[in-house]
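The following questions and answers concern selected contacts within a single protein model. Please consult the sequence and structure shown here.

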Amino acid sequence: MTLANIFTKYREEIIQQWAHRLHTEVSQHYRKRPLEELFITTSEAADANFAVLVHNDFSKIDAFIKKITRMRLEAGFPLSDVQRAFELYRTIVLPILVRELKGPPLLHTLQKVNVCLTYTIYKFSDYFQSLQEKEIRDYAQDLEREVEKRTKELAESEAKYRVLVEEINDGYFVNQQGKIVFANRTYCEMHGYTLPEVIGRPYKDFVAPESLAKVKRIYEDRIAKGESPDLYIYLRLLKDGRSLYTENKVKLVLYQGKRAAAGICRDITERMEMERRVRESERLAHIGQLTTSLAHEIRNPLSSVKMNIQVLVKKLHLDGNDKRRMEIIAQEIPRLERILEQMLDFAKPLGLDLQNVSINDVVDSSLEVMEEKIKEKGISVKRRLSKKISPVLMDSEKMEQALINVLLNSIESLHDQGKIEIVTREEKKNGRMITVEICDNGPGVQQKDLPYIFDPFFSKKKRGTGIGLTNVKKIVEAHGGMVNASLKNPKGMSFFLMIPSRR
């Protein structure tokens, strides 16, 4: 079936599902919109995407971006809501494409979908931001004229000025001689301080160390020369030590008769995270293509080597070191085959066969598969499986694969008298979540390596591929869950696999 036929066949299903999911899953802003309006916009978006994917025609998507940007900006939608709305298209069409296409045509189509969505989200974000910036610029100009006018009557100006900025949803501040002399409620909340803690404090106290040199240079150029960017991005520093991405729009003004920098600051953490995810998805798609090609190129020669080794072992009457060498070769070939399977698992899209399954049964099944390896190394396993957990929707085979990969990671790191403990529980964390915790008393990893252990091809093992834990993350996130790891004291690792408790 051609790509045009596929999207024509499933057009109504895509539009219906997209509109309903917008109405129920994305945000309160979409929930308040009439469903009829959402059917119209998803229909236009689906047809625009069809033009890109089938005819490489971007004119319809460009026109739709301009239309939807103005609609959502006028309705007060945040940028992240509409970005998530565009992203829904990928999650809707992916299962359809997996059903209808296989092999290279599927990979090629997924790449086209990624290119289409990347183009759409970036162009929408730029256009949305430009309109917002124009609003801020116009507002800042109006504000400056208002300040100029009202500073002539200082007493009345102060009261009206405070009312004005307190109503702004973004943070507003005045920096005079390097100190914050005025701030609105939002600015204080954005930094985790009260108003008395902010006023009179050096502006540098609210800038993260990694952005301090940049912000200091901009401020000094603005005050000394009147030349510096009006709009810039930096990391603000919160009272609790966190650093978050922030956008500042700053102008020189007169405040109480003296020159000062007045600015509007906006939290853009969600926008930066969305952009990071888009870049990461593109990178992983590229790695997946390379990995698939490499795995297929290796598999055929490896099969030939395997068959010939098996023939030689049977025909040649070897002994001593020669026999041992042939045995080593024969043992290493299955390991290479497992590595190739891991590479292909990483590269191919993940489809789930969801059924009501007991997580405890999946744990028991995984331990049965690993029983011989556990006995071989003399490892003791302790299970603490909660009896209060009801069956939940999951793909038992995929989840078993994830647990086996974590168990393999622990088994390979343990020596004699090693210990593994497996705990299951249900928690009320971001909704009801089923957690599987797998702990060991092995050497663990260095603290500096901990943030990267789930990244593709990151491994400190001599014989590791760096794909096993990446596939664990892929499987868990496909279930709508999350995975993380921590170091144990005095030694060892703990892995946490969390999936939503859906029935």
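Q: Which side chain does a polar contact of 3.3 Å join to that of Asp81?
A: In this predicted model, Asp81 belongs to helix α6, which spans residues 79-100. Beyond its neighbours within four places in sequence, Asp81 is in contact with Val26, Ser27, His29 and Tyr30. The polar contact of 3.3 Å links the side chain of Asp81 to that of His29.

Q: Is Asp81 buried or exposed?
A: The relative accessibility of Asp81 is 3%. Residues under 20% count as buried. Asp81 is therefore classed as buried.

Q: How are α14 and α16 oriented to each other?
A: The axes of helix α14 (residues 359-369) and helix α16 (residues 396-413) come within 9 Å and cross at roughly 50°. An angle under 35 degrees would count as roughly parallel, and one of 65 to 115 as roughly perpendicular. The two helices, α14 and α16, are therefore oblique.

Q: How many nonpolar residues does the contact of α14 with α16 have?
A: On the α14 side, the contact includes Ile359, Val362 and Val363, which face α16 residues including Met399, Leu403 and Leu407. The residues of this contact between α14 and α16 comprise one charged, three polar and, as nonpolar, nine.

Q: What is the handedness of the crossing of α16 and α17?
A: Helix α17 (residues 468-478) packs against α16 at an angle of about 145°, with the axes 9 Å apart. Residues in this contact include Met399, Ala402 and Val406 of α16 and Leu469, Val472 and Ile475 of α17. The crossing of α16 and α17 is left-handed.

Notes: Residues are numbered from 1 along each chain as its sequence is written. This is a predicted model: local features need pLDDT of at least 70, side-chain atom pairs count only at pLDDT 80 or more; totals for chains, interfaces and linings use all residues. Side-chain values use heavy atoms; hydrogens and water are left out. Axes are lines fitted to C-alpha atoms, for helices over the stretch in contact, and angles run from 0 to 180 degrees between N-to-C directions. Helices (H or I, at least four residues) and strands (E, at least two) are DSSP runs, numbered from the N terminus. Angles under 35 degrees count as roughly parallel, over 145 as roughly antiparallel, 65 to 115 as roughly perpendicular and the rest as oblique. Contact means heavy atoms within 4.5 Å. Ala, Val, Leu, Ile, Met, Phe, Trp, Tyr, Cys and Pro count as nonpolar, Asp, Glu, Lys and Arg as charged, and the others, Gly among them, as polar. Buried means under 20% relative accessible area, exposed over 50%, partly exposed in between (1.4 Å probe, protein chains only). A polar contact is a pair of N or O atoms within 3.5 Å; within protein, one must be able to donate a hydrogen and the other to accept it, and residues adjacent in sequence count only if both atoms are side-chain atoms. A crossing is left-handed if the near helix is turned anticlockwise from the far one by less than a right angle, and right-handed if clockwise.
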